Amino acid sequence: MAQRRPSKRIKGGAMQAFSNLVGGLNASATDFYDVKNPATLDVVAQAPISTVDALDDAVAAANAAATGTWANDLLARKAMLAQCADRIESGSEELANLLSLEQGKPLAAARAEIAIAVRLIRHYAQKDAHKETLRRRESDYVDVVRAPIGTVGLIVPWNYPITILMMKLAPALWAGNTVVIKPAPSTPLTTLKLCAQLADILPAGVVNTITGEGNIGQALVEHAGIRKVSFTGSTPTGIRVMSSAAATLKRLTLELGGNDAAIVCHDANVDAIAPRIFANAFTNAGQLCCAIKRLYVHRSLFDQMVEKLTEIAGNWRVGPGLDPATQMGPLNNAAQRDHVRALLDDALTHGGTIHVGGDSLGEYAGYFLKPAIVSGVSDESRLVKEEQFGPALPVLPFDTVDEAIERANASEFGLGGSVWSTDVSAAAEAASRLEAVNLYVNQHAVPPDPELPFGGMKTSGFGYEMGEWGCDDFSIRKVLNVSMGVA
Ligand code: NAD
């Protein structure tokens with residue numbers, strides 16, 4: 001077991017400074033920055049600003065751990081993953097509190113996020129090796145042999161810091177890789193706390209962290225000691241990641257932005273589905289890659305749907321994450337709040353109507369925006385074309401399903417999409433024509449399921465997470481050709 005120094009306390013002990021984990025130890029750092037509660041702008045704690053030297057140390061530790069028993073013994077890894085799940089679960093309340101404080105989400109949602117992380121890691125703790133034979137004949141056979149890739153960089157955004165981390169970390173470790181994790185600058189604390197817990201169980205160097213802004217993320221992507229990067233974040237950053245990875249020809253998984261359309265057909269029951277559509281569009285204050293971001297409603301149901309969503313939004317309780325009454329917290333950061341507000345202002349300028357919401361909460365200093373329902377905007381408006389990633393939903397009428405699909409597909413993004421109808425088979429046929437990877441009928445964006453792959457097309461990225469396809473993306477697949485003839 002690694003011996004670790006306690007986290008440092010700064011200036012009289014009032015403010016806690018978190019440490020990165022490198023080679024099983026708390027890494028020392030000279031510079032720190034404040035991580036703020038997005039509801040109040042109070043400082044929660046401080047996180048280190050990693051230097052390139054600190055990154056080199058993390059990669060060296062990960063490379064040293066990427067061989068031997070760790071890489072070769074799946075049974076041993078699975079036993080350790082099971083212990084990791086128990087460890088995270090036993091400290092889940094503390095993790096959930098910290099997550100709510102730094103991310104802004106309601107405590108219940110933070111608890112659910114930690115519970116999903118535990119479920120994900122438990123799934124991989126029980127998952128057997130995937131055996132695959134490509135050909136079997138009397139004279140020869142061809143098997144797939146899976147091997148770890150080596151050291152993998154995991155770059156994570158701020159919307160679901162722990163769920164998204166664990167969608168990468170659990171299968172990466174299951175497959176025998178070692179990792180260097182880079183959390184988002186506004187949400188590093190829960191990740192650092194969780195990784196420190198894992199260090200009590202995993203061999204030193206298997207999990208390492210670095211923290212700071214995009215520059216250290218870029219250095220991670222460029223680093224010659226990293227063999228693959230699994231990145232979740234915005235499309236513009238994903239493009240930069242792909243370009244930074246080119247010089248070392250790194251393997252990449254890119255889970256990027258989305259602008260999911262939901263299509264409500266003429267035969268849908270508005271009263272029954274409106275609460276579910278609302279929940280999907282506004283969960284996590286709309287900061288979900290696969291939230292409903294454009295709602296196309298058959299013209300015959302349009303007014304009824306707008307009215308129903310407006311009513312739900314008006315009653316939605318917005319507040320700080322730790323207030324038990326809160327259903328929706330603030331946005332995570334000022335830039336995101338300003339972006340969503342700018343899209344709403346643009347909608348107003350171009351003749352749109354904001355039926356409810358879009359304003360801040362006067363009593364708090366943080367980045368609040370009340371949930372907004374918007375109509376009267378064209379497909380060319382910024383709110384429809386761009387990813388809002390926040391609590392503002394444009395509702396658009398259509399006349400035929402073919403037209404709705406064509407408009408849904410006229411997007412640079414290709415993450416998810418749904419069709420809502422009482423005619424399930426017609427809806428499934430229509431949904432399969434959407435230019436997106438994650439397709440739904442009468443639901444949208446189910447919680448992460450480790451048995452099912454998740455991914456994107458077009459500018460929403462490439463590669464998969466979870467499911468067998470996701471495990472394959474964390475492995476090298478070798479093709480073993482065996483001749484049965486005597487040599
Ligand atoms: P972001 O792209 O700004 O940052 C993501 C991470 O990349 C952060 O850790 C950041 O520090 C790091 N980073 C920044 N510049 C970098 C660089 N040049 N090289 C390497 N790393 C760099 O994204 P965000 O604002 O944190 O997250 C919101 C975006 O993430 C949205 O677009 C959302 O749709 C997307 N997202 C996608 C999925 C998915 O599965 N497809 C899931 C969640 C979020």
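**Cavities and cores**

Student: Which elements each supply at least two residues of the lining of the largest cavity?

Tutor: In the lining of the largest cavity, β14 (260-264), α14 (401-409), β19 (413-414) and β20 (416-420) each supply at least two residues, where helices (H or I, at least four residues) and strands (E, at least two) are DSSP runs numbered from the N terminus. The model is predicted, with pLDDT of at least 70 needed for local features and 80 or more for side-chain atom pairs, while totals for chains, interfaces and linings use all residues. Residues are numbered from 1 along each chain as its sequence is written, and side-chain values use heavy atoms, leaving out hydrogens and water.

Student: Why is this space called a cavity?

Tutor: It is called a cavity because, on a 1 Å grid over the protein atoms alone, a 1.4 Å probe fits at its points but cannot get out, and a residue lines it when an atom lies within 4 Å of a point. The largest cavity holds about 100 Å³ of space, a volume being the space filled by probe spheres set on the grid points. Its lining has 16 residues, and Arg294, Ala408, Gly416, Glu435 and Ala436 are the closest to its centre.

Student: What classes of residue make up the lining of the second largest cavity?

Tutor: That lining divides into seven nonpolar, two polar and no charged residues, where Pro counts as nonpolar and Gly as polar. Among the residues that line the second largest cavity are Leu21, Gly24, Leu198, Pro203 and Gly205, whereas the lining of the largest cavity has six nonpolar, six polar and four charged residues.

Student: How do you know that leucine 383 is buried?

Tutor: Buried means under 20% relative accessible area, with exposed over 50% (1.4 Å probe, protein chains only), and leucine 383 has a relative accessible area of 0%, so leucine 383 is buried. Leucine 383 belongs to helix α13 (residues 382-385), and beyond four places in sequence it is in contact (heavy atoms within 4.5 Å) with Leu343, Ala347, Val374, Gln388, Ala392 and Pro394.

Student: What makes a set of residues a nonpolar core, and where does the largest one lie?

Tutor: A nonpolar core joins buried Ala, Val, Leu, Ile, Met, Phe, Trp, Tyr and Cys residues through side-chain atoms within 4.5 Å. The largest has 58 residues, and those with the most contacts inside it include Ile88, Met166 and Leu202. Because domain 1 (8-256 + 460-479) and domain 2 (260-449) both give residues to this core, it lies between them, the domain bounds coming from an automatic or database assignment. A second, separate core of 27 residues includes Ile263, Leu331, Val374 and Ala408.

Terms used
On a 1 Å grid over the protein atoms alone, a cavity is a set of points where a 1.4 Å probe fits but cannot get out, and a pocket is an open set with protein on both sides within 12 Å along at least five of seven lines; lining residues have an atom within 4 Å of a point.
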